[in-house]
Amino acid sequence: MNDCNIFEIWEEYKSSLLGYIKKRVADNDDANDILQDVLLKSYQFCSKGKTVLHLKSWLYKITQNAIIDYYKKATKNLPFDKDPQIEQNEHSLIGEASEYIKALLKLLPDEYAIPLYMYDLEGIDQKTISENLNLSLPNTKSRIQRGRVKLKERFLECCSVVFDEQGEMVSFDIKPQCKELQAEKKRLENIF
């Protein structure tokens, strides 16, 4: 977890963020305006005394959103649907979260955990899952949906999560009282 000292953060990342913006916005003045917008949003977040778990991913996500806002205001076409660099930065956060989600899945009743695991993590279609588990298709769909709700509840019970304006996770931290995920965190730290 990184302390949210915006001045240190800004010195370290401003040139790479500006380069990232200039690859997507042709006008230099507009690119500098977007960079200032990112600084302002970062400062507002950090001034609340918050911390950031994955600093680089967080900054690039704010930058991507600022670029999207720029194109929306200018009614121009967006230069990307989903940027590969952002996906790579998000991958570390989502990848880390998914390790804990797998641990939380084990805590759900099998009737929800198994179909949810097969569908969301193994990518098996719902019809095949219903056949493999001898369930009706509507029952399979229902269990997957209920499993997602239960999993989300457990995740939010165990983690402090920060979302951006679009509702996407930008940071999470495991609560000390969540013994299951604290144990998983120690196990993962020993692997890496």
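A salt bridge is taken here as a side-chain nitrogen of Lys or Arg within 4 Å of a carboxyl oxygen of Asp or Glu. The structure is a predicted model, in which local features need pLDDT of at least 70 and side-chain atom pairs count only at pLDDT 80 or more, while totals for chains, interfaces and linings use all residues. Residues are numbered from 1 along each chain as its sequence is written, and side-chain values use heavy atoms, with hydrogens and water left out.

The overall layout comes before the individual contacts. The chain contains eight helices and four strands; helices (H or I, at least four residues) and strands (E, at least two) are DSSP runs, numbered from the N terminus. Along the sequence these elements follow the pattern β-α-α-β-α-α-α-α-α-β-β-α. Of the 192 residues, 39% count as buried, where buried means under 20% relative accessible area, exposed over 50% and partly exposed in between (1.4 Å probe, protein chains only). The chain exposes about 11,400 Å², and carbon and sulfur atoms supply 49% of this area; accessible areas come from the Shrake-Rupley method with a 1.4 Å probe, and for residues only the protein chains shown count as cover. A contact means heavy atoms within 4.5 Å. Among contacts with a separation of 6 or more, 58% are made by residues 24 or more positions apart.

In soluble globular proteins, nonpolar side chains tend to be buried together. A nonpolar core is a set of buried Ala, Val, Leu, Ile, Met, Phe, Trp, Tyr and Cys residues joined through side-chain atoms within 4.5 Å. The largest such core has 24 residues, and those with the most contacts inside it are Leu17, Ile34 and Trp58. Helix 1, helix 2 and helix 3 each supply at least two residues of this core, and the largest share, nine residues, comes from helix 3. Apart from this core lies another, of 19 residues, among them Leu104, Leu116, Ile144 and Phe172. Leu116 is also one of the buried residues of helix 5 (residues 110-121), together with Tyr112, Ala113, Pro115 and Met118. Just after helix 5, Gly123 takes a positive phi of about 75°.

Leaving aside residues up to four places away in sequence, Leu17 touches Trp10, Leu35, Val38, Leu59, Tyr60 and Thr63.

Tyr60 leads in turn to the aromatic residues. Rings of Phe, Tyr and Trp (its six-membered ring) pair if their centres lie within 6.5 Å; planes under 30 degrees apart count as stacked, over 60 as edge-to-face and the rest as tilted. By this rule there is one aromatic pair. The ring centres of Tyr20 and Tyr60 lie 5.1 Å apart with their planes at 90°, so the pair is edge-to-face. Because Tyr20 lies in helix 1 and Tyr60 in helix 3 (residues 55-73), the pair ties together parts that are 40 residues apart in sequence. Both Tyr20 and Tyr60 are buried.

The charged pairs complete the account. Side chains of opposite charge can pair when their charged atoms come close. A search of the whole structure finds five salt bridges. One of them joins Lys14 to Glu11, with the closest N and O atoms 3.4 Å apart. Both residues lie in helix 1 (residues 6-22), three residues apart, about one turn of the helix. Lys14 is partly exposed at 32% relative accessible area, whereas Glu11 counts as exposed at 55%.

Another salt bridge connects Glu131 with Lys127, whose closest N and O atoms are 3.5 Å apart. These two residues belong to helix 6 (residues 126-132) and stand four residues apart, about one turn of the helix. Glu131 is partly exposed at 48%, and Lys127 is exposed at 52%.

Glu180 and Arg154 also form a salt bridge, their closest N and O atoms being 3.8 Å apart. This pair links distant parts of the chain, with Glu180 in helix 8 (residues 179-191) and Arg154 in helix 7 (residues 137-158), 26 residues apart. Both count as partly exposed, Glu180 at 37% and Arg154 at 24%.
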